[in-house]
Protein chains: 2
Amino acid sequence: MSEKEEQKEELAEEITELKDLEDSESVSDELTELTKKIDEMDDQLLRARAEIANITNRNRNERELLQRYRSQDLAKKLLPAIDNLERAMATEVNDEHGASLKKGVEMTLASLQNALKEEGIEEIPAEGEVFDPNFHQGVQTVEASENAPANTIVQVLQKGYKLHDRVLRPSMVVVAQ
Amino acid sequence: MSEKEEQKEELAEEITELKDLEDSESVSDELTELTKKIDEMDDQLLRARAEIANITNRNRNERELLQRYRSQDLAKKLLPAIDNLERAMATEVNDEHGASLKKGVEMTLASLQNALKEEGIEEIPAEGEVFDPNFHQGVQTVEASENAPANTIVQVLQKGYKLHDRVLRPSMVVVAQ
């Protein structure tokens with residue numbers, strides 16, 4: 001081998017080495033890139049799954065609330081009808097026609113009260129109870145006495161109603177003070 | 001360079017080449033593996049996002065339905081009360097007490113009917129209409145005549161009601177045949 005040829009060969013080897021180095025660097029860059037992308041996607045997947053769980057839970061809660069309080073609006077509108085029927089029940093009647101009418105009113109009232117009860121609507125306990133501003137609205141006061149200690153309800157002017165834990169209408173009451 | 005040395009060198013080069021080949025094969029395997037994984041994750045992400053969109057839509061529809069028909073159960077239970085009041089309204093009264101009671105019944109009936117109407121509940125049109133088994137229940141028939149062509153409703157025995165498009169109770173009717 002001549003000196004020139006040897007030099008040529010050395011040079012060629014050097015070039016090959018450089019190329020290999022370059023190649024391996026770009027391959028390693030690509031690997032790093034892909035691994036990074038996988039990490040990012042892993043993160044996105046985790047977040048998407050967490051979102052699915054959140055949405056599902058939130059919607060179940062919303063549905064349960066809607067279901068639980070679904071009768072609220074109609075029930076509120078029925079309260080004046082019940083008041084009317086209760087007032088009608090206080091009317092005295094003198095003949096058979098009146099008695100038959102009153103019997104009809106009584107049955108209607110019972111069926112309305114039953115419908116409300118089945119939907120979770122109850123009268124708010126008031127007379128004799130301790131006044132609670134969450135459930136009672138004080139519209140008059142009387143002086144407290146032995147039979148009516150301060151802060152107890154002595155009379156109910158209009159019945160209040162609640163749907164489960166929600167007040168549809170507070171009781172209008174007279175409170176001892 | 002001796003012949004032996006040349007052979008040695010050639011062998012070493014061959015070994016290096018083989019190693020490079022091995023390395024590049026395993027690197028290329030790894031790249032293929034990672035790219036495949038990315039494709040799979042891409043697919044999973046797409047599906048997770050489609051699921052989120054589906055759940056969101058389904059839940060909105062469910063909520064709308066719950067909202068639209070929320071009064072259904074309570075309204076159904078009110079119908080007998082309305083029947084009772086309407087029957088009571090047919091009672092004749094002879095004195096002031098009876099008249100006052102009847103006035104109370106009338107007001108109650110109006111307030112109940114109004115509450116139902118506000119919640120989307122309406123009486124099903126029946127008298128004089130063409131009989132429709134989706135809305136009417138035929139309980140008696142009479143012979144068709146000039147005034148009552150076949151398949152029309154000639155009398156309503158009990159009023160029917162619907163909530164939007166849903167029948168709460170069909171009308172009980174007498175049909176011409």
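Reader: Where is Q44(A) found?
Author: Q44(A) is found in helix α1 of chain A. Helices are DSSP runs of H or I with at least four residues, strands are E runs of at least two, and both are numbered from the N terminus. The model is predicted: local features need pLDDT of at least 70 and side-chain atom pairs pLDDT 80 or more, while totals for chains, interfaces and linings use all residues. Residues count from 1 along each chain as its sequence is written, chains are lettered from A in the order written, and side-chain values use heavy atoms, without hydrogens and water.

Reader: What does Q44(A) touch?
Author: L45(B) and R49(B), not counting residues up to four places away in sequence. Contact means heavy atoms within 4.5 Å.

Reader: Is Q44(A) buried or partly exposed?
Author: Partly exposed, with a relative accessible area of 31%. Buried means under 20%, exposed over 50%, partly exposed in between (1.4 Å probe, protein chains only).

Reader: And T108(A), what is its relative accessible area?
Author: 0%, so T108(A) is buried. T108(A) lies in helix α3 of chain A.

Reader: Which residues is T108(A) in contact with?
Author: L85(A), A81(B), N84(B) and L85(B), leaving aside neighbours within four places in sequence.

Reader: Switching to α3 of chain B. How many residues?
Author: Helix α3(B) has 23, residues 96–118. From first C-alpha to last it reaches 33 Å, close to the 33 Å expected at 1.5 Å a residue. The expected span is 1.5 Å times one less than the number of residues.

Reader: What do the buried residues of α3(B) pack against?
Author: α2 (72–89) and α3 (96–118) of chain A, together with α2 (72–89) and β1 (121–123) of chain B. The buried residues include L101(B), T108(B) and L112(B). Just after α3(B), G120(B) takes a positive phi of about 90 degrees.

Reader: How can chain B be laid on chain A?
Author: By a turn of 180 degrees and a shift of 0.1 Å along the axis, with an RMSD of 0.3 Å. The two copies are thus related as by a two-fold rotation axis. The superposition is by least squares on C-alpha atoms of residues with pLDDT of at least 70 in both.

Reader: Why do you say the copies meet through the same surface?
Author: Because 100% of the interface residues of chain B are also interface residues in chain A.
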